[in-house]
Structure formats: C-alpha cells, structure tokens
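Thanks for making time this morning. I would like to walk you through one structure, and I would ask you to keep the display in view while I talk.

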Amino acid sequence: MHTIIGDGKGHAITFRPGYQSVSEGPALVGSRVTTLPLSASYGWQIDVAAVKEAIQPETRIIVINEPYNPAGTLMRLEVQRELIDLAKEHNIYILCDEVYRMLEHEPSKRLPAMAEAYSQGISVVTMSKPWGACGVTIGWIATQDCELIDKISDVQYFGTACPSRASEIQAIMVLRSSEWILERNMQIIRKNKALLVSFMETQKDFFEWVPPCAGAIAAIKFKGPLSSTELGAQLAEEGISIKP
C-alpha cells in the first residue's frame, strides 16, 4: 500500500467490518480513505454502485478481503467482474487479501485470484490459514504489474531484507504436502460447520447468520434477550471465552 498511496496524495476505498490490518492499512500509510459498510442483510456482498459513487479523481486503490473475514462468505463471480470493470475504467488497483482462498467449502465456487483476473490486481496470501502454518511466517504478493513488484521489493528491503532461511525451508516442506494438508483442514472445517449449522438451527430464536461458504469463520448475530456484556459474563461462568 505504501508503494501505491504512501505519498499522502492518493485516496483509497475500504470496507467495514473487516480484518483490521487490511481495512486500516491505507490510513496507516497516510492515504485519505472512504470506508463503505458491508451488511449481513446484503449477504456481506460489495455494492459496486456504492463503490462507483465513492470513487474520486485521486482514488488509486480498492482494498478488499475475499473470502470475507469475518463472515466466511464469498463474493459472487459477477460482482468480482463488475468491480474489476469499474476499477479498469478508472485505472485503479484492487488489492485482495486472499488468506482464506483454497478453503472454499465447494471448490467449484472458488473465485479467480485477483492477480489472475485483473492486470492491476494484487493478491496477498499467507500460509497461516489454508495450510495452518502460522509459525512459518511466510506469505507472498502476486500481480501482473512487474513495475509495481520492483517498487514493492525496494520498499520491503528497508524493513526485511530477506526472510528466515529456516522459514523458507519449512514453507517448502508445507507446500510439498499441500494437497494432503488442505484436504485434512477441509475435513475439519466440514465437520465443525455441520455442528455449527445444527446449533444455529436449534437456537435460531437467539442467533442469526449468513451461512459461511469459505474458510473456518462465521459472523453470528446474537438477538438477545441478554446484552452482550451479560452474555459474556454467563459464557465466562461456563469457561467459554469471547473477545470483541
């Protein structure tokens, strides 16, 4: 983001709620930001018309998170295409945090990576989610824009000249077993999702959601009758922790 909007003269479009490191990234590098709301009532889908209205002459980047964190939902393919067409029309980059990609509950619904779908698309990936390799601390950025990659490399060099060699070796080991690891993780996700679906059905008077279709997360709304503070206190008494 620093490479694209770090001069303080650009404008970015982000979405909320969302993973804070993603949604707050443009502001942290000094960009002006328009943040658009996403809602369960709209299936957590991006409203392309609202994005079009938010575009300014200085808009340089749209920052999204698909599969979507915190709801575990997935942008419809036609919405992705419309967003790309809009960005292309205005010469705007799209940065997509794709950390839950490869964990779609139905692989046939997997979206094209943003770096593949759009010449100014940027895909950001980490090994922590699909492969469960948090301690490896390896990720990557993919884009068709070779000039941008060179600029990102120059910026990164001042923070991290090179990753740990031990991490690189561990990452290679994980990726060599990628198919087995992903299938194992998907088995866990499918089993736990079935339990959660059953819970939501029996407790629908108290909870509601948009059923997730990717990743290992879901956004669940508690409808009452307790306040969130009272609910937290009762859960704590049962040994269940929650965080805001």
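I will go from the sheet to one histidine, then to the nonpolar cores, and finally to some aromatic rings.

Please keep in mind throughout that what you see is a predicted model.

Let me begin with the sheet, which is open and built from six strands in the order β2-β1-β3-β4-β5-β6, with mixed pairing. Its edges are β2, covering 32–37, and β6, covering 139–143, each of which pairs on one side only. If we ignore direction, neighbouring strands of this sheet are turned against each other by 20° on average. Across β4 (93–97), β5 (121–126) and β6 lies helix α7, residues 146–157, and this helix runs at about 150° to β6.

Now to the histidine, which is residue 11 and belongs to strand β1, residues 11–16. Strand β1 runs parallel to β3, residues 59–65, and three bridges join the two. Which residue of β3 is the bridge partner of histidine 11? The partner is threonine 59, and the side chains of histidine 11 and threonine 59 are also joined by a polar contact of 2.7 Å. Is histidine 11 buried or exposed? With a relative accessible area of 1%, histidine 11 is well under the 20% limit and therefore counts as buried. Leaving aside residues up to four places away in sequence, histidine 11 touches a set of residues that includes Ile5, Arg32, Val33, Gln56, Glu58 and Arg60.

In soluble globular proteins, nonpolar side chains tend to be buried together. In this model the largest nonpolar core has 29 residues, and those with the most contacts inside it are Phe15, Ile46, Val51, Ile62, Ile64 and Ile94. The elements giving two or more residues to this core are β1, α4 (48–54), β3, α5 (77–89) and β4, and of these α5 gives the most, with five residues.

My last topic is the aromatic rings, for which a search of the whole structure finds four pairs. In one of these pairs, the rings of phenylalanine 199 and phenylalanine 207 have their centres 5.4 Å apart and their planes at 50°, so the pair is described as tilted. The rings of phenylalanine 207 and phenylalanine 222 likewise form a tilted pair, because their planes stand at 45°, with the centres 5.3 Å apart. Since phenylalanine 207 lies in strand β7, residues 207–209, and phenylalanine 222 in strand β8, residues 220–222, this pair ties together parts that are 15 residues apart in sequence. Taken together, ring pairs link Phe199, Phe207 and Phe222 into a cluster.

How accessible are these three? Phenylalanine 207, at 18% relative accessibility, counts as buried, whereas phenylalanine 222, with a relative accessible area of 22%, is partly exposed. Phenylalanine 199 is also partly exposed, at 36% relative accessibility.

Key: Residues are numbered from 1 along each chain as its sequence is written. This is a predicted model: local features need pLDDT of at least 70, side-chain atom pairs count only at pLDDT 80 or more; totals for chains, interfaces and linings use all residues. Side-chain values use heavy atoms; hydrogens and water are left out. Helices (H or I, at least four residues) and strands (E, at least two) are DSSP runs, numbered from the N terminus. Buried means under 20% relative accessible area, exposed over 50%, partly exposed in between (1.4 Å probe, protein chains only). A polar contact is a pair of N or O atoms within 3.5 Å; within protein, one must be able to donate a hydrogen and the other to accept it, and residues adjacent in sequence count only if both atoms are side-chain atoms. Contact means heavy atoms within 4.5 Å. Two strands pair if DSSP finds at least two bridges between them. Axes are lines fitted to C-alpha atoms, for helices over the stretch in contact, and angles run from 0 to 180 degrees between N-to-C directions. Rings of Phe, Tyr and Trp (its six-membered ring) pair if their centres lie within 6.5 Å; planes under 30 degrees apart count as stacked, over 60 as edge-to-face and the rest as tilted. A nonpolar core is a set of buried Ala, Val, Leu, Ile, Met, Phe, Trp, Tyr and Cys residues joined through side-chain atoms within 4.5 Å.
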